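Hi,

Here is the model I promised to pass on.

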Amino acid sequence: MKLSQFKFKLPEELIALEPPHRVFKNDDGTVEKIYHRDECRLMVVHRRSETIDMFEKDADGQATDRPIMFRSIIDYFDEGDVFMFNDTKVFPARLFGTKEKTDAKIEVFLLRELNEELRLWDVLVEPARKIRIGNKLFFDGDGPMVAEVIDNTTSRGRTLRFLYDCPHDEFKRELFALGSAPLPRYIIERREPNADDAENYQTIYARHEGAVTAPATGLHFSRELMKRLEIRGVNFAFVTVHCGLGGFDPIEVEDLTKHKMSSEQMRIDSEACRIVNEAKASDHRVCVVGVSSMRAAESAVGTDGRLKEFDGWTNKFIFPPYDFGMADALITNFYHPESTMLMTTAAFGGYDLIMEAYNQAVEHKFHFGCYGDAMLVVDD
C-alpha cells in the first residue's frame, strides 16, 4: 500500500493532552483532577459484519445516546479468553543539561544504556547543531551529574559517557531523578510534563524497565478493571517489548514496503506461551492489547499458530495486506495520520473498515493519541 492512503484530517482539538479525568473544586478554592484510566470512550469494530458501534444499546438492541466506555470492554470477552499485555516499564528519559562554557540549554532524550560499567548511553540531543564530540553537559546545576559526548551516531543522536563515580544502582537512581516522563512530541509541543504524568504515562502492570514511550493502549486498564476481568475468568499473558521512538518516526517513502522500522528489544517467556497456546487449543480467543504487543506476537508466532519463546529484537512492520497468525481481537488507540500504528490496525481490521472507523471517530469527536480514546477490533 501507499503512504498517502493513510492521510486524513485530524483537528488539533481532538489530540488528547491528558488522560480522562474529572475536575473537583476543593473548599479552599483549589482545583483537583482525579484521573480515571478506564473512563475513555470505546469504539467497537466488527470485522466480519463490517459494523461499528460507539453507543450502548438498550434492551431492544437499539443504540442509545450513551457512549460505550472502556470499562465495558469486559462485556466482549468470556471465561478462558486471554489478554496479551506488554509489561515494559517507561523510564524518565527526558532531561535537560547545560553545555559547558556557553550554558546553552540542551534537551537530552535517553534511549538506552549501552554499557553499564562505562556509563555509556545512546541519546538524542536538541539542538543537535550545538553538540559536538568532546563537549561536556552539566545536569542539576552544579551537581555531580556530568556527561561527555564521545560519538555522533545520527544527525540528532549522540553517545554520552556519564562521569559519575558510584554504584550503578545509585547512578541510575540519581540520573532518573533528573528526568521527566517522555511524553510524545505532539504533547510536549503543547504543554510541559507534570508530576501526574509520572504515574499516568505508565501502565499499572509495568515491570521491566526499558521503554522510552508507553505502550499506550495499556494505559486504559485500571486495577479495578483488571480485577473484574480476573473474576470473569479472563487470563493474562505478559510479554515485554521495550517501546522506542520508531513508531513516531515519519515515513519518508510512498511505497510502504520500502520503510524500515527501528528495532525494539522484546522477550516472550514460556509462561506467556503456555497461557496463549492453551487458550488457542481450547478455542478461546486471544486479545492483543496494543500495537507493540501485536508486533511481538507476530514476531514469535509459528506456522502452526502457536506462540514461541523469543528473546531478542524485532523490526517487524505490519501494514495491509497482512495475514495474522494468532490474534483474534485487538485493542488499540486512535493515532495520527500516516502513523505505523494506524497501518497495523488497518491490517488487522481491514483497510476500508478501519479508515471508515477513523472518519467516524473524527466526526464524533473521539480523542486521539496516547491519552486518547480506544478501539476494540473483534472478529464477529
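Some housekeeping first. This is a predicted model, so to speak of local features we need pLDDT of at least 70, side-chain atom pairs count only at pLDDT 80 or more, and totals for chains, interfaces and linings use all residues. Residues are numbered from 1 along each chain as its sequence is written, and side-chain values use heavy atoms, with hydrogens and water left out.

The pockets and cavities come from a 1 Å grid over the protein atoms alone: a cavity is a set of points where a 1.4 Å probe fits but cannot get out, a pocket is an open set with protein on both sides within 12 Å along at least five of seven lines, and lining residues have an atom within 4 Å of a point. Grid points are joined across faces, edges and corners, and a volume is the space filled by probe spheres set on the points.

The largest pocket holds about 1100 Å³. It has 39 lining residues, with Leu111, Leu124, Val212, Gly244 and Leu245 closest to the centre. Strand 10 (105-115) is among the elements that supply at least two lining residues each, and strand 10 gives the largest share, 5 residues (strands are DSSP runs of E, at least two residues, and helices runs of H or I, at least four, numbered from the N terminus). By class, this lining is 17 nonpolar, 11 polar and 11 charged (nonpolar is Ala, Val, Leu, Ile, Met, Phe, Trp, Tyr, Cys and Pro; charged is Asp, Glu, Lys and Arg; the others, Gly among them, are polar).

The second largest pocket comes to about 260 Å³. Its lining has 16 residues, and Tyr35, His36, Arg37, Glu199 and Asn200 sit closest to the centre.

Of its 27 lining residues, Ala214, Cys243, Val291, Ser292 and Met341 lie nearest the centre. Helix 6 (291-300) and helix 7 (340-349) are the elements that give two or more residues to that lining, which splits into 15 nonpolar, 9 polar and 3 charged.

Last, Thr217, in the loop between strand 15 (208-211) and helix 4 (223-232). Thr217 counts as buried because its relative accessibility is 2% (buried is under 20%, exposed over 50%, partly exposed in between, with a 1.4 Å probe and protein chains only). Leaving aside residues up to four places away in sequence, Thr217 touches Val289, Gly290, Ile331, Thr332, Asn333 and Tyr335 (contact means heavy atoms within 4.5 Å).

Cheers
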